[in-house]
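I opened the notebook to record what I looked up in one protein chain.

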Amino acid sequence: MAGVLLTCGEQIAVDDVRALHAFKLVILEPTHLLLREGDLVFERCSLRLVLHDIELLTGLGNLGLLIFQIAFIATALCFFLTLALLEVANGGGVRGQLTLDTADAAGRRFERGAELPDLKVELLQTNQFFEGLVHMATMQWVEFKSFPNEAPATGNCRARLSVHCPCWSNAGSRSCKLIHRFLARKKYSHLPEFVLVIHRSRLHSISFCIFASFAAAAVQAQTKPLTISAIFNDPGFTEDAPRGLAWSPDGTRVTYLNANGDLMAAWGGSGQTTVLVPKAKIGSMHSNAVSEKDKDHRSRYGEASYIWAPDAKHLLFDSNGALLLYSLKNGLAISVAEKGTASGDDPKFAPDGSAVTYVRDHNLYLRHLPYTQQPMQLTASREPSLLNGEVDWLYLEELDVRSNYFWSPDSKNIAYLQTNESAVPQYPLTDWIPTHASVDMQHYPQPGDPNPVVRVGVVNASSGHNSWIKLPLEAGDDYVPRFGWLNAHTLWIETLTRDHMHRRLYFADASNGRTRLALEETDEKFFDESYDVTISGPNILWTSWRDGHTQIYLYNFNEADPMSSDATLVRPLTNGHGEVTSIKAVNADARTVYYISNEGDPREQQVWSIKLDGTGKKQLTQAHGVHKPEFSPNAQLYADNFSNIETPPTVAICQVSGTSCSTFWQPTLDPEYKLMAPRELTLKAKDGTTLYASLMLPPGDHAKGTVPLINNPYGGPHAQTVQNVWQARTTLFDQVLAEHGFGVLHVDNRGMGGRGREFAQAAYHNFGPIQFEDQLSAMDQVLEQFPELDAKRQGWWGWSWGGTFTLYAMTHSNRFKAGVCVAPVTDWRNYDSTYTERYMSEPAQNADQYRDFSVITKADKLHGRLLLVHGTGDDNVHLENTIQFIQKLIDAHLPYDLQLYPRKTHSIAGADARTHLYTRILAQFQAYLGEQTE
């Protein structure tokens, strides 16, 4: 059944103006509830439904369950005896609560006496113990009775147990609350609350209150608070979705590395999993030492630990720089190469499987198979600043490049990008841990500096003969973000000008280097990071936001002679207000494109398909949330990595031809932790633009103005933080803060991604004011909507752009009493050229805004207590940013707190470091934002 996984504890918001689904409740096991459909029909309205449920056994361990069962049996005997004695009594009742907000989109309300169709809730498929509870609670007809202002004071059970449990609704809703009732009919009047009354005795009600109170105490005693240590050390939370998900070339199975380090295989037909290569075998293979930077890069940029051979019978393991060819037939691994590096080495098989190529010491090498010959060096650069086929830091981080060389389809030639960094300034990354400190010099162009000089070469795999493509580029300025092969003789090459306003696609003859401009596109401000080009036969699939949202445009070219003519626009394949995130696969035989889009809800990502002729558009995935698919080579199957805000990632093999999916991986969360889900909010910017937000509040009821509010935005370009996706440690840390009495808010402001060109380009020449305006507007609305929040105790924290945002907020407002800033850019002249110039242009063209939007210039205006955090090995946002800001604080005689992490990069990765860091963040807010500060 299609649906969205929800967490009990909030509301079901059903926005269909014609129908609302009633529910059939199925208990699959003590910790899972499943909602299924019935029909409630209203006209011209949107109905908001809340059912409060006591689910007595959720969260109990085995011992607790046994104790509870014994207690329940004893209580039930007394209970039913009481009912037998007092069956004839008519007064009183057991009170459940059904809250109906019957406002429609125009704010109108249902008229008095509107018809309420049957609402039937059944408990099915339960074990014998639960059936007793079912019969006690539900096997009777009840009716709504309304009261003018409040429920009668007598005979009402107010014992409540808030239990978080997964549940499904196909009504397009986000979250729900369920409580132990039941079956309703008759008419109702418009009131904010209705009371469900079962015609039993008052003593029935009293005994149930005692019973429910006992159950609540039993369950609460079995739950445990979430801790920072648990977030980063408990396997239930640290086990992320499978790493290294890849399809075998024959499309029969998808492989991945599990938490234990085994290479697993899930078979495409059934989803059944087997151990393909055990950890013991992988661990016995030679492994080089790996530095903190190398570990970070492998994780941050998704560098593969293994790749499939084209014959689907061998695997190439990349063990921190050692390449080993593993045979699935005999289980033997043979060394292919020692590259001497631990990252960026990018091994590849020739399409025919005859050779393996890799990067070593900034050059391309080839090893013919079967592995009897010595490696062949294809390029011969000796200068360390000259990279052949290797991806430099700038392209890796800012252009999302993962490889800079590609085999021709006939396995005869290799096209590669040569990057010359000799004119690029260097930054010293210092390691102070050894007795004699060491320095790693990093080529890092800052705004206005020379960029790497790039050119595209073609080298013959047999002779090593090299030739260059005659590509019109501004040396030291322009970029080549993507390139590849049209056919065995012709390349396609995409270029991007330094100002990010001009994208061009060239065709190039590999034999003589001649180029032809095939298509180009211009933007008045900037192109964002959608540079991918997909070639299928005579078709080019080109993504562009020229109509305001990123869509797919279909171009044709002369496949027989690409150099003879330009590419021609055939049609836009997609349209509307959704953003196409990426093209995942093309089935040439079926003439079908598979892609990811957030059409329908910018907070979600669904898998779609459409024919090349523009017909047959179809949404393949239905469950609300974020889907990250990996398609099989023939595009008949895909592995769907799915999660939503309340559901950790699960991975299933799905068929493109239907809705059939087989889940082969899902995490196991400790049921003793009572996990909370944030509220999803829709707010408004001052200009009326919709802003999406999420809010985590402390459990329980709180008096007005008693909960401090911590704002935790990112705020910067391209990113989205408010999505219907499992946020893992972000949401878990929010819960820790909430359990310590804090409210936590996330807001996606204008200038961020996923909402179209106008929304994103709000950041053009505006790196602070418009973003800050949206955050303040959102916070004011949230403070108004949730009176328990304390406007006098507000905090702010963020990381990277969010860290810069923290400093901006605390230097441009006095409303924030405490803040935590992790790895900030404090002066935009310090950050890299590609990213900064995309939004801010070059400093010589925009000096005033570089000054005004750099928080270092306002350091003397800092308000509140600030904690600065940085990793000393950060090769992304350099430590100089924090050091320069500290100097300005010292000059202004302002106090600050500082936390450094030796050797750590921008991610400050590792369980120990993260536990320490987040404990430090919590302590900062407890010290300066807690009640004791009043």
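These are my entries, from the whole chain down to single residues.

**Entry 1: the whole chain.** I noted before anything else that this is a predicted model. I looked up the secondary structure and found 16 helices and 57 strands in the protein chain. I then checked burial: of the 934 residues, 57% count as buried. The accessible surface comes to about 38500 Å², and carbon and sulfur atoms hold 51% of that surface. I also looked at contacts between residues at least 6 apart in sequence, and 64% of them join residues at least 24 apart.

**Entry 2: α9 and α16.** I picked helix α9, residues 729-739, and helix α16, residues 911-929. Their axes come within 11 Å and cross at roughly 35°. The crossing of α9 past α16 is right-handed. Which residues meet there? On the α9 side I listed F733, V736 and L737, and on the α16 side Y918, I921 and L922. I sorted the residues of this contact by class and got six nonpolar, no polar and no charged.

**Entry 3: α11 and α12.** Next I took helix α11, residues 769-785, with helix α12, residues 801-812. The axes come within 11 Å and cross at roughly 75°. An angle from 65 to 115 degrees counts as roughly perpendicular, so I wrote down α11 and α12 as roughly perpendicular to each other. From α11, the contact uses P769, Q771, F772 and Q775; from α12, it uses W801, F805, Y808, A809 and H812.

**Entry 4: α7.** I asked which residues of helix α7, residues 292-300, are buried. The list holds E292, D294, D296, H297 and R298. I then looked for what covers them, and the cover includes β20 (314-319) and α8 (393-398). After α7 comes G302, with a positive phi near 60°.

**Entry 5: V607.** I found V607 in strand β44, residues 606-611. Is V607 buried or exposed? Its relative accessibility is 0%, and the cut-off for buried is under 20%, so V607 counts as buried. Leaving out residues up to four places away in sequence, I found that V607 touches several others, among them Y595, I596, L620, H627 and F631. I also checked V607 against Y594, 13 residues apart along the chain, and their C-alpha atoms are separated by 7.0 Å.

Entry 6: L369 and P370 are joined by a cis peptide bond, with omega about 5°. P370 lies in the loop between β25 (363-368) and β26 (376-377).

A635 is not a glycine, yet its phi is positive, about 60°. I placed A635 in the loop between β46 (626-631) and β47 (637-644). With a relative accessible area of 1%, A635 is buried.

H765, also a residue other than glycine, has a positive phi near 55°. I found H765 in the loop between α10 (757-760) and α11. At 23% relative accessibility, H765 counts as partly exposed.

Methods: Residues are numbered from 1 along each chain as its sequence is written. This is a predicted model: local features need pLDDT of at least 70, side-chain atom pairs count only at pLDDT 80 or more; totals for chains, interfaces and linings use all residues. Side-chain values use heavy atoms; hydrogens and water are left out. Axes are lines fitted to C-alpha atoms, for helices over the stretch in contact, and angles run from 0 to 180 degrees between N-to-C directions. Helices (H or I, at least four residues) and strands (E, at least two) are DSSP runs, numbered from the N terminus. A crossing is left-handed if the near helix is turned anticlockwise from the far one by less than a right angle, and right-handed if clockwise. Contact means heavy atoms within 4.5 Å. Ala, Val, Leu, Ile, Met, Phe, Trp, Tyr, Cys and Pro count as nonpolar, Asp, Glu, Lys and Arg as charged, and the others, Gly among them, as polar. Buried means under 20% relative accessible area, exposed over 50%, partly exposed in between (1.4 Å probe, protein chains only). Accessible areas come from the Shrake-Rupley method with a 1.4 Å probe; for residues, only the protein chains shown count as cover. Angles under 35 degrees count as roughly parallel, over 145 as roughly antiparallel, 65 to 115 as roughly perpendicular and the rest as oblique.
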